[in-house]
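Good morning, and thank you for coming.

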Amino acid sequence: MKIFFYTLRPYDELAYAKALSEEFGIGFGGCEDYPTPENAALAAGYDAISFTPCDMGREMVERFHALGVKSLCCRSIGFDHVDRQRARELGMAVSNVDYPPNGVANYAIMLMMMSLRQIGHILKRGEAQDYSLKGKIGRDLSGCTVGVIGTGRIGRTVLAHLSAFGCRLLAYDLCPSPEGAKYAEYVDLDTLFAQSDVITLHTNATEENHHLIDAAALEKMKPGVVLINTARGKLIDSDALIAAIEKGKVGAAALDVLENENGLYYYNRAGEAIPNPELALLRSFPNVLLTDHTAFYTGENVESMVRGVFESADAFAKGQPTRHDVSLK
């Protein structure tokens with residue numbers, strides 16, 4: 001039993017992979033590159049491959065199947081980048097990973113506080129030695145109504161931690177959680193949009209919720225609403241968001257994820273002209289914070305993600321169930 005790791009980072013993941021290889025008795029290999037048709041052959045002879053978010057569409061799934069790969073193990077919670085339908089047709093298993101919810105939850109709360117207090121704008125003006133107060137006044141999180149969309153493990157943790165700030169909390173989920181209801185009032189989306197000062201996203205991307213935040217949704221929101229996205233870039237229509245920022249409907253946005261981020265985040269693109277006009281526009285706004293998909297990035301989470309790959313591959317090889325299985329049933 002062997003796993004080939006694409007995008008294997010030598011400065012953090014490699015040490016965990018070595019330790020877990022010994023723990024599970026599973027061999028592994030890897031490279032630092034993303035999987036492509038050109039380097040797919042590196043996985044020949046391996047039972048499973050693992051990768052961070054990338055293009056794992058029909059062509060790539062078929063290529064790895066032809067090489068004898070039986071399992072596709074995402075090293076992320078999200079798995080919308082994998083053509084699971086084709087994988088199922090070919091008899092290939094697909095898995096994701098999970099990790100403790102505190103890291104992303106606390107990161108989202110940090111972005112809320114930074115946005116409400118205009119920290120990005122304050123820091124930029126400080127770099128120009130502008131220490132005047134005009135234009136820097138902020139808002140207190142404790143006096144805000146916060147709407148949480150998605151109350152899985154991370155969303156529920158956000159609610160629990162925000163409850164200590166004294167916020168009024170609203171929540172939306174297709175399957176409301178009794179634990180989430182301890183802290184928040186579950187409402188429909190229109191009510192959440194209309195009443196929230198801050199809206200934070202904590203749901204997976206699906207075909208049904210693609211552009212959940214679009215022009216129509218933005219029109220229903222409070223003037224000056226603050227949007228936080230540490231989930232998936234596809235949840236927000238970037239063009240609609242930019243238009244809403246330009247006309248002042250959105251008071252601030254903090255985005256750890258973006259539409260069309262594949263080929264951008266986790267690469268060193270220093271000195272390059274990046275063909276992403278949405279990124280350029282968002283970076284130009286003083287009330288927008290952009291971080292490069294790092295909300296998850298703690299030592300505890302990285303170890304948990306690599307462990308999830310070994311757990312899934314081991315379970316698939318033994319024909320055993322695993323909570324990480326996201327294959328189409």
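Helices here are DSSP runs of H or I with at least four residues, strands are runs of E with at least two, and both are numbered from the N terminus. Before going further, please note that this is a predicted model, in which local features need pLDDT of at least 70, side-chain atom pairs count only at pLDDT 80 or more, and totals for chains, interfaces and linings use all residues. Residues are numbered from 1 along each chain as its sequence is written, and side-chain values use heavy atoms, with hydrogens and water left out.

K318 and D314 form a salt bridge, at 3.3 Å from N to O. The term requires a side-chain nitrogen of Lys or Arg within 4 Å of a carboxyl oxygen of Asp or Glu. K318 is exposed, at 53% relative accessible area, whereas D314 is buried, at 15%. Buried means under 20% relative accessible area, exposed over 50%, and partly exposed in between, with a 1.4 Å probe and protein chains only.

Helix α3 (residues 84-89) holds E89 and R86, three residues apart. Their salt bridge brings the closest N and O atoms to 2.9 Å. E89 is partly exposed, at 47%, and R86 is buried, at 18%.

Next, D130 pairs with R125 in a salt bridge at 3.0 Å. D130 is partly exposed, at 27%; R125 is buried, at 14%.

Finally, salt bridges link R9, D12, E13 and R75 in a network. How many salt bridges does the rule give? The count is 22.
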